[in-house]
Amino acid sequence: MEHIKKAIAVVLCSWMLSSCEKEKKPNIIFIMADDLGWQDVGFMGSNWFETPNLDQLAGESLVFSNAYMYPTCSPSRAALLTGKQSFRTGIYNVPVLEKGDNQHNIFSRWTVGLEHTMYAEPLKNAGYRSIHLGKWHVVGPNPEEEKDYPFQKPLKQPDNGNLGWLTDHLSIDIQKYYPLGKGFHENVGGTWWGDPARGYTEGYKSESGGYKAPFKNPFIGDKEDDEWLTDRLTDDAIDFIERNKQQPFLVNLHYYAPHRPTVPRDKDSFQKFMGKAADSITGQGENNREEIAGYATMIASIDENVKRIFDYLDQEGLRENTIVIFTSDNGFNGLQSGTNILRGAKGTIYEGGLRVPAFVNWKGHVAPGVSETPICGMDYFPTFLDLAQVKDYNGKLDGESLLPLLKNTALKERALFWHVASTYKNPPCSIIRKDKWKLIQYLNDGKLELYNLDKDLKEAHNLAKNNPEIVSQLLGELMTWRKNNNVPLPPASTLEF
């Protein structure tokens, strides 16, 4: 009888330990580079940029070869943080980049309204301690001027070196739009800035560019050992984890790099890339050598700093309970990089602007491999809710949790949609990506483009005229999506909905 009691006790203990393990909420680290192109890393095919650490990690991760964002940073970040399509927040482009008139465009907001929940809030309620580090860019320099919407003209920004906005931004009213007002416990470097050079009167022409200390970002306190912005943000991320590793944590590490201005990390690294033979397949290194060589050193710095984070997690025994996501906010800036494989670059509606590198690493939980399933930035919010075991969130989300894919289960077939209602590099349009097909409909005149991404990744051949049945099917889904969601069109649009 005594043996039976002991056996039952062992079984119960094992069951309880198993249950506790299942209930343990994983730490979440979300690392996002700024303007890092789909093929600006080795694990997506570059033989010119050097990312040995990211490549090794990708080999231990689930890599998403069809990961998408919006073509510019503002809508990508708004969609990521809220889990919502651009038309819901009114952010279609970076406001200061928009062109045209208010009849053929819906000019963008800069600030995500207070009615939109960001993912740090439900995670905070679920017991997570969180920090945002780096680029924020979802609050405008003057949120008050955004109340009279829609706008007659695109929004503007203060001159470089102008800190006249700072006093207002430290107030309770405007801090509501900042990380601390949106659920994060700490904020390092997050403000309305789109690039780190704005603290310098010379902007992009300054020697520092905001990457070399002093950073002149009022939300990054100076430290004696400051040298390089990417290093500093990583230092603060590791420090935060050290202080909060006894509870679930969320680290939102959004590097400013490698966004322009291009600032070489150091002379030796710069000279190495200056002397490196170009890649004949991607074309990287063939043109604009000084710019791309400096850009390469900035990517190498990201590579080194991501390794620092993983080394720390290994050292502290945190790898098995920490999921790490690495990605970019949009495609490469065409002034810094390039690839012969994709059409377009940052700001365009083609794959060079939309497609980004992405992998998910969770040691012991996510099997290494490559998923060709298309995913988008809005998918991360519902994924975080699942990871944090949040069951009662009832806000509107346009993405789908990636947890099934992380568990090697297929997602239900779906289409991805974009709605870009203002002009930057391309006229306003809506896009549907389903299976191998991508259909673009321009909003003002209804013109169509259709591409088979399996056979024509570079989108060189518009197949719209030759495939009327496919166009009809995809266009029907796109129009139904707009109609059902009351998606706004520019006033001059010829479309019914």
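Two strands pair if DSSP finds at least two bridges between them; strands (E, at least two residues) and helices (H or I, at least four) are DSSP runs, numbered from the N terminus. On that basis, three strands form an open sheet with mixed pairing, in the order β8-β3-β11. The model is predicted: local features need pLDDT of at least 70, side-chain atom pairs count only at pLDDT 80 or more, and totals for chains, interfaces and linings use all residues. Residues are numbered from 1 along each chain as its sequence is written, and side-chain values use heavy atoms, with hydrogens and water left out.

**Sheet**
- β8 (355-356) and β11 (375-376) stand at the edges, each with a single partner strand, so one side of each has no neighbour in the sheet.
- Strand β3 (residues 67-68) runs parallel to β11 and is joined to β11 by two bridges.
- In this pairing, Y68 stands opposite C376 of β11.

**Helix pair**
- The axes (lines fitted to C-alpha atoms over the stretch in contact, with angles from 0 to 180 degrees between N-to-C directions) of α9 (residues 267-274) and α10 (residues 289-315) come within 8 Å and cross at roughly 130°.
- α9 is therefore oblique to α10, oblique being what remains after under 35 degrees (roughly parallel), over 145 (roughly antiparallel) and 65 to 115 (roughly perpendicular).
- In contact (heavy atoms within 4.5 Å), S269, F270, F273 and M274 of α9 meet R289, E290, A293, G294, A296 and T297 of α10.

**Annotated domain**
- UniProt, in an unreviewed entry, lists residues 26-390 as "domain: Sulfatase N-terminal"; such annotations may be inferred rather than shown by experiment.
- Residues 26-390 are 27% helix and 12% strand, with the end C-alpha atoms 12 Å apart.
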